[in-house]
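Please read the following report with the sequence and the model side by side. It moves from the strands to the aromatic rings and then to the core.

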Amino acid sequence: EIGYKTSLFENKVIADMAVFYIDWKNQQIYRTVPSGRGSMLKNAGSSTSKGFELSMRAEPVKDLETMLSFGYTDAAFEDYVKDSLTNYSGNTFPNVPLFTMSLRAGKLFRFMSGFVEGIKINASYNLIGDIFWNEKNTASQEKYGLVDGNISIRTELFNIDFWFKNLLDTQYNAF
């Protein structure tokens with residue numbers, strides 16, 4: 001893996017970039033047990049995983065934070081012959097999304113006096129790419145996005161936080 005971090009515009013923008021390449025020999029993966037409940041560790045031959053990650057954080061104006069990140073992964077079995085009838089070579093790893101993306105913004109509203117010092121509102125959108133659930137690549141989850149958020153009421157003595165998950169009620173399968 002090789003990466004680079006930099007700050008721009010008097011530290012108002014922070015950027016991170018990385019590329020990676022992994023060459024596995026004698027890889028092991030988790031496979032669902034035949035009952036469908038739980039998983040077990042199994043040998044999976046050799047494989048490669050390559051991709052990149054980018055992220056940028058910015059504070060364009062005081063008390064407004066923004067973030068954008070994107071990651072791409074091409075992870076596949078190079079040589080994975082289970083038995084004389086089953087060859088998974090070339091298939092995508094299970095449980096590794098093709099890409100992930102996240103957008104986030106947060107704004108702090110400060111109060112000059114009173115018991116409440118400020119209120120911070122955060123919102124995020126997370127997009128998860130296609131995921132295969134097994135090494136056969138026959139069970140999968142299509143890409144989906146989640147909208148989350150929170151409101152934080154800040155005082156000198158304590159904070160009160162209200163969290164909101166999956167505000168659009170997106171239906172998806174997770175492992």
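Strand 2 (residues 13-24) and strand 5 (residues 46-61) run antiparallel and are joined by 12 bridges, where two strands count as paired if DSSP finds at least two bridges between them. Strands here are DSSP runs of E with at least two residues, numbered from the N terminus. Within this pairing, Val-13 stands opposite Ala-58 of strand 5. Strand 5 also pairs with strand 6, again in the antiparallel sense, over 14 bridges, and there Leu-54 has Phe-70 of strand 6 as its bridge partner. The hairpin of strand 5 and strand 6 has two residues between the strands, and in it Asp-63 takes a positive phi near 70°.

This is a predicted model, in which local features need pLDDT of at least 70 and side-chain atom pairs count only at pLDDT 80 or more, while totals for chains, interfaces and linings use all residues. Residues are numbered from 1 along each chain as its sequence is written, and side-chain values use heavy atoms, with hydrogens and water left out.

A search of the whole structure finds nine aromatic pairs, meaning rings of Phe, Tyr and Trp (its six-membered ring) with centres within 6.5 Å, called stacked if the planes are under 30 degrees apart, edge-to-face if over 60 and tilted otherwise. Two of the pairs are set out here.

| Pair | Centre to centre | Angle between planes | Type |
|---|---|---|---|
| Phe-70 and Phe-99 | 6.0 Å | 20° | stacked |
| Phe-77 and Phe-93 | 5.2 Å | 40° | tilted |

Because Phe-70 lies in strand 6 (residues 64-79) and Phe-99 in strand 9 (residues 99-110), their pair ties together parts that are 29 residues apart in sequence. Phe-70 is partly exposed, with a relative accessible area of 30%, whereas Phe-99 counts as buried at 18%; buried means under 20% relative accessible area, exposed over 50% and partly exposed in between, with a 1.4 Å probe and protein chains only.

Phe-77 and Phe-93 are both buried, and they belong to one aromatic cluster together with Trp-24, Tyr-80 and Tyr-88.

The largest nonpolar core has seven residues, namely Ile-29, Ala-44, Ala-75, Phe-77, Tyr-80, Tyr-88 and Phe-93. Such a core is a set of buried Ala, Val, Leu, Ile, Met, Phe, Trp, Tyr and Cys residues joined through side-chain atoms within 4.5 Å. Leaving aside residues up to four places away in sequence, Ala-44 touches Gln-27, Gln-28, Ile-29, Phe-77, Asp-79 and Tyr-80, a contact being heavy atoms within 4.5 Å.

Methods
Helix = DSSP H or I, 4+ residues; strand = E, 2+ residues; numbered from the N terminus.
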